[in-house]
Amino acid sequence: MPAPEPVRTANAAWWEPRIERATLKALMKRSDGPGLYFLGVWAVLLVAAGIGVHYARGTGWIVPAVVAYGLVLGFAYAPSHECAHGTAFRTRWLNDAVLWMTSFVWGESPTHRRFAHSHHHTHTWHWKVDAQMGYTNPVRLRTWFGDVIGLLEFWPRAKLMVRHARGRITDRERTYLPESQVPIVVREARLLMAGYFALLAWAVVGQTWVPMLYFFIPRFAGAFGVYSFITTQHMAMAQDVDDHRICTRSMTNGWLGRVLYWNMNYHIEHHVYPSIPFHALPALNAAIRDQLPEPSPSLFAAHAEIVRTILAQRRDPTATAYHPLPADAAGSQAGAGS
């Protein structure tokens, strides 16, 4: 029996690699094991950092301990993102449970996250269309810095949640959010806010620093850890193009970075086939590597490239970061299958 067509969230105009359908089908298989492993590593590191905060209380070590804990806590983004795709786990209830838990840490309605992110994949880095594109070229250095430390994210997300809790949905949001999902988004925003207020009430009524030291303060203090990864995904790349190899950046990371980030350093690969689970992205890379540009060799190199491009944009506003495409793949628009 022939394999089904590849599952796509992007329209047919986007570049697709040449890949065997059987290989693609195998890569799309979901599993609970890898997600539990990646989630387990994150949980162990979070508990270890939390113990560090406990023993540092009342000493000068409390500041670095809280920052270290916040660095780990912020990577709740990764399972939240993968669960929003529905590809973190094969078991549906497990995927939904982890999505709720990590969305509480991340600070966004799970349903809104699903639909807004799907829209981002459909219209990746198309200005005034992509629901998750918060800035355009030319980029300013202060935009880069604000994005890395999270200042461009916390306040807009807080306003978004308050507005949704009040039942206010913008016309732009209605372009990607079905009417049937609006009451769900409103209810979820109210539940999340109730949870945050409950933590604050615990701190005030119980006269304890626990909610502040283990949730609110570290989410801000350690946010730069995960945002330094997220910022590399598209910043200073070309926009309004239908080729993820040009508008998206992949990079090489070590084991810990890949596990905490759930392999999202393979970001071109993720955008080319969003339905492929995170744990299969290295295998996808191996299958289509000859059609992809070279990734940034490290997190530091990716940011150095971004800063160089931003400085170049001061002289030429049309300048963008660019990784040369393989000669035999540069003009290829072949669909999947061979």
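Trp255 first. Trp255 sits in helix H13, residues 255-260. This is a predicted model, so every value here is computed from predicted coordinates. Trp255 is partly exposed, with a relative accessible area of 45%.

Which residues have the most contacts inside the largest nonpolar core? They are Trp42, Phe89, Trp262, Tyr273, Ile276 and Leu284. That core has 66 residues. Helix H2, residues 33-56, gives the most to this core: eight residues. There is also a second, separate core, with 10 residues. Trp14, Tyr135, Val139 and Cys247 are among them.

Take Leu284 from the largest core. Set aside neighbours within four places in sequence, and Leu284 is in contact with Ile19, Leu27, Glu269, Tyr273 and Ile276.

Next, Tyr227. The residue is in helix H11, residues 223-230. Is Tyr227 buried or exposed? Buried, because its relative accessibility is 1%, and the limit for buried is under 20%. Beyond four places in sequence, Tyr227 touches Trp106, Asp147, Val148, Ile149, Gly150, Glu153, Phe154 and Arg157. Two of these partners deserve a word. With Arg157, the side chain of Tyr227 makes a polar contact of 3.3 Å. Asp147 is 80 residues away along the chain, yet the C-alpha atoms of Tyr227 and Asp147 are separated by 6.7 Å.

On to His112, in helix H6, residues 110-122. His112 is buried, at 4% relative accessible area. Not counting residues up to four places away, His112 touches Leu160, His164, Glu173, Tyr176, Val185 and Glu188.

Last, backbone geometry. Most residues other than glycine have a negative phi, and most peptide bonds are trans. The peptide bond from Asn137 to Pro138 is cis, with omega near -5°. Pro138 lies in the loop between H6 and helix H7, which spans 141-149.

The other two are in the loop between H11 and H12, starting with Ala236. Ala236 is not a glycine, but its phi is positive, about 70°. Asp240 lies in that loop as well. Asp240 has a positive phi too, about 60°, and is not a glycine either. Asp240 is partly exposed, at 43%.

Note on methods:
Residues are numbered from 1 along each chain as its sequence is written. Side-chain values use heavy atoms; hydrogens and water are left out. Helices (H or I, at least four residues) and strands (E, at least two) are DSSP runs, numbered from the N terminus. Buried means under 20% relative accessible area, exposed over 50%, partly exposed in between (1.4 Å probe, protein chains only). Contact means heavy atoms within 4.5 Å. A nonpolar core is a set of buried Ala, Val, Leu, Ile, Met, Phe, Trp, Tyr and Cys residues joined through side-chain atoms within 4.5 Å. A polar contact is a pair of N or O atoms within 3.5 Å; within protein, one must be able to donate a hydrogen and the other to accept it, and residues adjacent in sequence count only if both atoms are side-chain atoms.
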